[in-house]
Amino acid sequence: MKNNYLVFDSGYRGDCKTETAEQIDLATWIDFNLPWVIWFHVPNEGKRLLSGVINKNMGVKKGVADIIILSQGYLHDCGVIELKRKDKRKSKVSSEQNDFLSDCRDEGVFSALCYGKDEAVKAIKIYFTGSDDNDTFALYVSEQRKQRRIK
């Protein structure tokens, strides 16, 4: 199984939030810290109201990453992040998710698998600044807010 994408794992093992709770925390963090960023979450899991055949015919793809970032990054035009629970033993990466991340990376897209919101925050900092350093990120945010006249 090919995996040429970045993996962010703190090594934490133990009780942790659900993937949904991690996603909500991450969405809140992005919207608060990067309100100008064009991004969205792809709800690509769970039960479907439509049959699989109809979904497929409509263009629904298995394995699409949870977070799609369309705003320009430091080195990439767009990015994708698959968010899992903080304890990697409690989440499985499907072959479709692995393939999606790898295929995106092959196309020059920033691609990351992140175990927990904090690891996704690191990935996003690297996407936008080339570093997960807090001071570098704070400077980036400050400059963006000035340029975009955001308080």
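Predicted model: local features only at pLDDT ≥ 70, side-chain atom pairs only at ≥ 80, totals over all residues.
## Salt bridges and overall build of the chain

R13 counts as partly exposed, with a relative accessibility of 34%.

**Salt bridges**

The structure holds seven salt bridges. One of them joins R13 to D87, with 3.9 Å between the closest N and O atoms. R13 sits in the loop between β1 (6-8) and α1 (19-33), while D87 sits in the loop between β4 (79-84) and α3 (95-106), so the pair ties together parts that are 74 residues apart in sequence.

R89 is exposed, and its relative accessible area is 60%.

Another salt bridge lies within a helix. The side chains of K122 and E119 meet at 3.2 Å, N to O. Both residues belong to helix α4 (residues 117-129), where they are three residues apart and therefore separated by about one helical turn. K122 is partly exposed at 34% relative accessibility, whereas E119 is buried with a relative accessible area of 6%. Elsewhere, salt bridges that share partners join D9, R13, D87 and R89 into one network.

| Pair | N to O distance |
|---|---|
| D87 and R13 | 3.9 Å |
| K122 and E119 | 3.2 Å |

**The chain as a whole**

Five helices and five strands make up the secondary structure elements of the chain. Read from the N terminus, their order is β-α-β-α-β-β-α-β-α-α. The radius of gyration is 16 Å, close to the 15 Å that the globule rule gives for 151 residues, so the chain is as compact as a globular protein of that length. Along the principal axes, the C-alpha atoms fill a box of roughly 50 × 35 × 30 Å.

Of the 151 residues, 42% count as buried. Among contacts between residues at least 6 apart in sequence, 72% join residues at least 24 apart.

**Surface and charge**

The accessible surface of the chain comes to about 9000 Å², and carbon and sulfur atoms account for 53% of that area. The chain carries 24 positive and 22 negative side chains. The centres of these two sets lie 3 Å apart.

Technical notes. Residues numbered from 1 in each chain as written. Heavy atoms only, no water. Salt bridge = Lys/Arg side-chain N within 4 Å of Asp/Glu carboxyl O. Helix = DSSP H or I, 4+ residues; strand = E, 2+ residues; numbered from the N terminus. Buried < 20%, exposed > 50% of the residue type's maximum accessible area, 1.4 Å probe, protein only. Rg over C-alpha atoms; globule rule 2.2 N^0.38 Å. Contact = heavy atoms within 4.5 Å. Areas by Shrake-Rupley, 256 points an atom, 1.4 Å probe, with all protein chains shown as cover. Lys, Arg positive; Asp, Glu negative; His and termini not counted. Charge placed at Lys NZ, Arg CZ, Asp CG, Glu CD.
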